[in-house]
Amino acid sequence: INSGQEAFPSLPPDTYYASGAFGQAALVIPSHDLVIARMGWNVPDDREGLNAFARAVLLAVERGRGPGL
């Protein structure tokens, strides 16, 4: 779990993830009912890049839901 937001500073503290080989990852954000899967080749693993990518996805989902949804 991302308690203290050390692993992913721009994501909610309830975020957790699984890291696979060569940069593949799955992030789960229960507070937003969201799962993000990243498939692809990325050596070495880039946690900062994953954090930025996941934050962009989270912001897009939040904008898409609109107010009150």
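Entry 1. I began with a side chain: that of T15 reaches the backbone oxygen of P12 at 2.8 Å. I keep in mind that I am looking at a predicted model.

Entry 2. Where does T15 sit? I found T15 in the segment before strand 1, which spans 16–19. I then looked up its cover: T15 has a relative accessible area of 1%, so T15 counts as buried, the cut-off being under 20%.

Entry 3. My next stop was H32, in the loop that links strand 2 (25–29) to strand 3 (34–38). Is H32 buried or exposed? I read a relative accessibility of 16% for H32, and because that is under 20%, H32 goes down as buried.

Entry 4. What does H32 touch? Setting aside neighbours within four places in sequence, I listed P12, L58, E62 and R65 as its contacts. P12 was already in my notes, as the residue whose backbone oxygen the T15 side chain reaches. I also noted a polar contact of 3.1 Å between the side chains of H32 and S31.

Entry 5. I stepped back to the whole protein chain. I counted 1 helix and 3 strands, and from the N terminus on I read the order as β-β-β-α.

Entry 6. Some totals for the page. Of the 69 residues in the protein chain, 23% are buried. The accessible surface comes to about 4,500 Å², and carbon and sulfur atoms hold 59% of that surface. Taking contacts between residues at least 6 apart in sequence, I noted that 26% join residues at least 24 apart.

Key:
Residues numbered from 1 in each chain as written. Predicted model: local features only at pLDDT ≥ 70, side-chain atom pairs only at ≥ 80, totals over all residues. Heavy atoms only, no water. Helix = DSSP H or I, 4+ residues; strand = E, 2+ residues; numbered from the N terminus. Buried < 20%, exposed > 50% of the residue type's maximum accessible area, 1.4 Å probe, protein only. Polar contact = N/O pair within 3.5 Å; in protein donor to acceptor, adjacent residues only side chain to side chain. Contact = heavy atoms within 4.5 Å. Areas by Shrake-Rupley, 256 points an atom, 1.4 Å probe, with all protein chains shown as cover.
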